[in-house]
Amino acid sequence: MSEPRPAPDPRDTAPTPRRMKPAPLLFEPPEAVADPEHFFDLESMEDPRELLSRATELALAFRAAADRATEFQALAAAQLADPKRFDRLPLSVLAERAEWTEDYAQKMIEFGRSLMRDGDPLLGDNG
């Protein structure tokens with residue numbers, strides 16, 4: 001099992017290297033979700049090579065999804081903290097909604113602003 005990675009530091013301006021294309025995250029059937037031992041059919045794989053390959057694909061896919069979600073969190077935080085918005089959220093409220101500390105919320109706002117300023121292609125036309 002791989003070690004969990006911390007969320008990327010919003011102050012890091014170096015572009016993150018893109019790895020191989022991750023496996024698609026498909027929704028599992030409801031009956032599979034109800035079974036706590038079921039996880040993307042990994043438990044039924046008998047060949048350890050196949051298990052390692054598929055588990056690695058899933059780990060990469062989840063990491064990519066988490067990285068992408070973090071970018072969208074930062075973008076939303078920057079938009080919600082924009083002083084030009086009439087419905088701007090105070091830092092404390094934004095931090096509470098996202099379950100962050102105020103310091104981390106400020107860093108995420110700065111990260112989101114940098115994504116918008118740089119016109120990050122992953123975020124579409126938001127930049």
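**Figure 1. Overview of the four helices.** The protein has four helices and zero strands. Along the sequence, the pattern reads α-α-α-α. The model shown is predicted. Of its 127 residues, 24% count as buried. Among contacts with a separation of 6 or more, 57% join residues 24 or more positions apart.

**Figure 2. Helix H2 against helix H4.** Two packed helices are described by the angle between their axes and the distance between the axes. For H2 and H4, the angle is about 95 degrees and the axes lie 7 Å apart. H2 and H4 are therefore roughly perpendicular to each other. The range for that term is 65 to 115 degrees. From H2, the contact takes in Thr-70, Glu-71, Gln-73, Ala-74, Leu-75, Ala-77, Ala-78 and Gln-79. From H4, Met-108, Ile-109, Phe-111, Gly-112, Arg-113, Leu-115 and Met-116 meet them. Sorted by type, the residues of this contact are nine nonpolar, four polar and two charged.

Figure 3. Leu-115 belongs to helix H4, which covers residues 102-118. Its relative accessibility is 7%, so Leu-115 counts as buried. The cut-off for buried is under 20%. Leu-75 is 40 residues from Leu-115 in sequence. In space, the C-alpha atoms of Leu-115 and Leu-75 are 7.0 Å apart. Both residues take part in the contact of H2 with H4. Leu-115 also belongs to the largest nonpolar core.

**Figure 4. Helix H3 against helix H4.** H3 and H4 pack with their axes 9 Å apart, at an angle of about 95 degrees. That angle makes H3 roughly perpendicular to H4. On the H3 side, the contact holds Leu-91, Ser-92, Leu-94 and Ala-95. On the H4 side, the partners are Glu-102, Ala-105, Gln-106 and Ile-109. Five nonpolar, two polar and one charged residue make up the contact of H3 with H4.

**Figure 5. The largest nonpolar core.** In soluble globular proteins, nonpolar side chains tend to be buried together. Here the largest nonpolar core has twelve residues. Its members are Ala-74, Ala-77, Ala-81, Leu-89, Leu-94, Ala-95, Trp-100, Ala-105, Met-108, Ile-109, Phe-111 and Leu-115. H2, helix H3 (91-98) and H4 each give two or more residues to this core. H4 gives the most, with five residues. Ala-74 and Ala-77 in H2 are part of the contact with H4, and Leu-94 and Ala-95 in H3 are part of the contact of H3 with H4. Ile-109 in H4 meets residues of H2, and Ile-109 is also listed in the contact with H3.

**Figure 6. Salt bridge between Arg-54 and Glu-57.** The whole structure contains two salt bridges. One of them joins the side chains of Arg-54 and Glu-57, at 3.2 Å from N to O. Helix H2 runs over residues 48-80, and Arg-54 and Glu-57 are three residues apart in it, so about one helical turn separates them. Glu-57 has a relative accessible area of 30%, which means that Glu-57 is partly exposed.

**Figure 7. Salt bridge between Arg-85 and Asp-87.** Asp-87 forms a salt bridge with Arg-85. The closest N and O atoms are 3.0 Å apart. Asp-87 is partly exposed because its relative accessible area is 35%. Arg-85 is partly exposed too, with a relative accessible area of 32%.

Conventions
Residues are numbered from 1 along each chain as its sequence is written. This is a predicted model: local features need pLDDT of at least 70, side-chain atom pairs count only at pLDDT 80 or more; totals for chains, interfaces and linings use all residues. Side-chain values use heavy atoms; hydrogens and water are left out. Buried means under 20% relative accessible area, exposed over 50%, partly exposed in between (1.4 Å probe, protein chains only). A salt bridge is a side-chain nitrogen of Lys or Arg within 4 Å of a carboxyl oxygen of Asp or Glu. Axes are lines fitted to C-alpha atoms, for helices over the stretch in contact, and angles run from 0 to 180 degrees between N-to-C directions. Angles under 35 degrees count as roughly parallel, over 145 as roughly antiparallel, 65 to 115 as roughly perpendicular and the rest as oblique. Contact means heavy atoms within 4.5 Å. Ala, Val, Leu, Ile, Met, Phe, Trp, Tyr, Cys and Pro count as nonpolar, Asp, Glu, Lys and Arg as charged, and the others, Gly among them, as polar. A nonpolar core is a set of buried Ala, Val, Leu, Ile, Met, Phe, Trp, Tyr and Cys residues joined through side-chain atoms within 4.5 Å.
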